[in-house]
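Reader: Could you take me closely through one part of this model, a single side chain and the elements around it? I would like a connected account.

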Amino acid sequence: MKLGVLASWRGTNFKAILDHIRLDVLKGVEPAVLIYSDEKAPVREIAEKYGVEAVFVKHRGVPRGQREREMIEVLKGRGVDVVALAGYDYVLSKEFIESFNLVLNIHPSLLPFAGGKGMYGMRVHMEIYRAGVKVTGPTVHVVDESVDGGPIVDQWPVYIADVYTLPLSTEEKVQIIADRVLIFEHRLYSRVLQAVADGLLEFREERVKAPRVVEEGGKIKVEEVEIVVKRALLRVDEAWRRAWEERQRIYVEYQLKEWATKPLHLILPPWLRG
């Protein structure tokens with residue numbers, strides 16, 4: 001499976017994917033090209049370090065149709081099957097999305113909570129902290145024309161109730177939450193890509209009933225309406241999960257060493273490390 005990656009700035013999820021491949025954890029996935037949208041983006045240096053072609057496509061001040069045509073040409077020219085967004089700051093059109101077998105994104109909350117327009121970066125974790133939720137975590141979803149609204153492929157619940165009690169400032173606690181989630185983002189994205197490469201992602205449409213709140217004559221009514229939802233299903237069994245977890249241990253050990261200079265006893269206490 002040839003993978004194209006779109007990124008705008010840091011690209012830490014891109015690096016995590018490359019590390020999974022380098023450590024022979026993620027198999028059958030070839031990183032064909034990185035497209036980055038900011039000329040000074042540090043993600044370009046990651047691509048150079050790992051020997052992956054990096055192409056700058058100017059976004060600022062360029063009409064979406066024009067820049068997307070250039071991106072499609074670059075990706076198609078490298079035989080890309082699947083596109084992964086790794087901190088890409090722009091909404092993609094239907095025409096771009098339909099040009100590829102699959103376009104994926106990773107979001108740092110358990111969608112649909114703390115998703116949608118304006119919810120990116122630290123804003124997501126600020127909203128998580130404000131709400132006081134005890135579990136958060138990353139979501140990998142299929143990209144569609146909405147913002148963070150495409151079918152959910154997989155999620156990784158991350159316990160954060162202990163963070164609220166830490167003797168730290170609000171800003172420090174929000175950063176702890178962000179770092180904790182990021183660690184599991186880096187593990188989840190490659191797990192999903194492996195399942196996709198193994199042909200285990202399926203789609204299904206299902207009719208479901210959903211509540212709709214309406215106001216009539218000053219009174220609130222709740223109606224049930226039938227809608228069609230598109231499901232993204234990972235057909236992975238217990239044997240597949242065990243094999244993946246065993247293989248990913250190499251990456252987890254490497255990841256913990258990378259984070260050793262940070263306060264891991266707070267970001268990732270021993271009981272959370274897996």
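**The surroundings of F14**

Leaving aside its neighbours within four places in sequence, F14 is in contact (heavy atoms within 4.5 Å) with V5, L34, V43, I46, A47, V52 and A86. This is a predicted model, in which local features need pLDDT of at least 70 and side-chain atom pairs count only at pLDDT 80 or more, while totals for chains, interfaces and linings use all residues. Residues are numbered from 1 along each chain as its sequence is written, and side-chain values use heavy atoms, with hydrogens and water left out.

F14 itself lies in helix α1, residues 12–22; helices are DSSP runs of H or I with at least four residues, strands are runs of E with at least two, and both are numbered from the N terminus. F14 counts as buried because its relative accessibility is 0%, where buried means under 20% relative accessible area (1.4 Å probe, protein chains only).

As for the sheet, strand β1 (residues 2–7) pairs with strand β2 (residues 30–36) in the parallel sense over six bridges, pairing being assigned if DSSP finds at least two bridges between two strands. Within that pair, L3 stands opposite P31 in β2. Both strands belong to an open sheet of seven strands with mixed pairing, in the order β3-β2-β1-β4-β5-β7-β8. Strands β3 (54–56) and β8 (152–155) stand at the edges with a single partner strand each, so one side of each is left without a neighbour in the sheet.

How values were computed:
Buried < 20%, exposed > 50% of the residue type's maximum accessible area, 1.4 Å probe, protein only.
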